[in-house]
Amino acid sequence: MNTTSANQVEFTINRNANPLPEAERNAILQNPGFGKYFTDHMATIDWTREQGWHDARIVPYGPLQLDPAASVLHYAQEIFEGLKAYRHADGSVWTFRPEANALRFQLSARRLALPELPVDLFIESLKQLISVDKAWVPSAPETSAYIRPFMIANESFLGVRSAERAAYHVIVSPAGSYFAKGMQPISIWLASEFSRAGKGGTGEAKCGGNYAASLLPQQEAYANGCSQVLFLDAEEHTYLEELGGMNIFLVRKDGTLITPKPSGSILKGITRASLIQLAEDMGLKVEERKVALQEWRDGINSGEITEAFACGTAAVIAPISALKSKDFIIGDENAPAGKVTVALRNKLTGIQYGLEEDTHGWLTRLA
Ligand code: PLP
Ligand code: COI
């Protein structure tokens, strides 16, 4: 493994000669939506088997040059991450648990046979990029800059083996709410024919292929008025796994949280891990275990399960009002967000925006 660290790699900075004019940038920051606009710069670090990580740079945002034979285009050797930059009241900009993203990026790299990027280099790339594009981090409540690090295999070779060349990039997109209706509860759609990931597959890695596999059932979800798709385990089609882009929690009437235990096919969400900690801090019990779909149905019918929510960096926490499928509906599409869901969301976002004390040391200053 290459052990390059941030101390050994200097970033060069090539400023964009034509950044978006301030008035246009401010118009975007007023209503950024999600994933539609990108800042003036991006970060890049190249890797080759001989040289390891090298040529770290901040450059103007723009198209990548890729040979049509680049392995990523044929065999999907690609991984990514997602985290956010939050502007605090004093103007400083912070991010949340970036080491956890860096470690998951390494896990994903191992699974996809890509080179591991050192944790400190990952974090340094965020600091360098956000320092240059700080003006793009919005300040209105509930807004942030979504940071998307990713790595692609870019060797020109059609043999099926891990590439000898790769590139790491980071792009940034100002972000409002992931869902068009903000914090309003969502309905989700049960994938009854399709699975997202199986035993020994890539479900635990954050790789583009997992999301490609989720798009067809996601289309079905949209067609049925749902915002996300819920996947069950691939073997028995009995137990909850996760949504296309979020983890899932159920809440019992006594406030106990129940969430599927990651067993190799679920992405181990950093929001998920943080909420488990915050719930425990609030004196709530958390059960991480297999959760049968039937348990949710029975729990709703008996009144034992009172809330459900989805969580992830992009979506933060989205209350789930109903689960729909071809044959049944669990819950009530008009149900409001539950108490525990709202309390956890307020606590988490309070820490992220610097309004609550960061007792776990989860924030890192970027700029
Ligand atoms: N599960 C999937 C499939 C995701 O894409 C995401 C989003 O990153 C999550 C879960 C939640 O992960 P995190 O909380 O680290 O953003
Ligand atoms: C994230 O939350 O960071 C994701 O990658 C999920 C996707 C819905 C954008």
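Reply: S5, for example, sits in the segment before β1 (12–13). This is a predicted model, in which local features need pLDDT of at least 70 and side-chain atom pairs count only at pLDDT 80 or more, while totals for chains, interfaces and linings use all residues. Residues are numbered from 1 along each chain as its sequence is written, chains are lettered from A and ligands numbered from 1 in the order in which they are written, and side-chain values use heavy atoms, with hydrogens and water left out.

Here is the setting. The protein chain contains eight helices and 18 strands. Its radius of gyration, taken over C-alpha atoms, is 21 Å, close to the 21 Å that the globule rule (2.2 Å times the number of residues to the power 0.38) gives for 367 residues, so the chain is as compact as a globular protein of that length. Along the principal axes, its C-alpha trace spans about 60 × 50 × 35 Å.

The chain is divided into domain 1 (6–175) and domain 2 (186–352), with bounds that come from an automatic or database domain assignment. The C-alpha centres of the two domains lie 28 Å apart. Where they meet, 21 residues of domain 1 are in contact (heavy atoms within 4.5 Å) with 22 residues of domain 2.

Now to your pocket. Rolling a probe the size of a water molecule over the atoms shows where empty space is left. On a 1 Å grid over the protein atoms alone, a cavity is a set of points where a 1.4 Å probe fits but cannot get out, whereas a pocket is an open set with protein on both sides within 12 Å along at least five of seven lines; lining residues have an atom within 4 Å of a point. Grid points are joined across faces, edges and corners, and a volume is the space filled by probe spheres set on the points.

The largest pocket has a volume of about 650 Å³. Its lining is made of 35 residues, and R148, Y178, K206, Y211 and G245 lie nearest the centre. Both domain 1 and domain 2 give residues to this lining, so the pocket lies between them. Five elements supply at least two lining residues each: β7 (144–153), β8 (165–175), α5 (208–223), α6 (270–281) and β15 (305–312). The largest share, six residues, comes from α5.

What kinds of residues are these? The lining has 17 nonpolar, 13 polar and five charged residues. Here Ala, Val, Leu, Ile, Met, Phe, Trp, Tyr, Cys and Pro count as nonpolar, Asp, Glu, Lys and Arg as charged, and the others, Gly among them, as polar.

The structure holds one cavity of 30 Å³ or more, and about 120 Å³ of space lies in the largest cavity. Elements giving two or more residues to its lining are β5 (83–87), α6 and α8 (339–352), with β5 giving the most, three residues. Residues lining the cavity include Y86, F96, I270 and L348.

Methods
Helix = DSSP H or I, 4+ residues; strand = E, 2+ residues; numbered from the N terminus.
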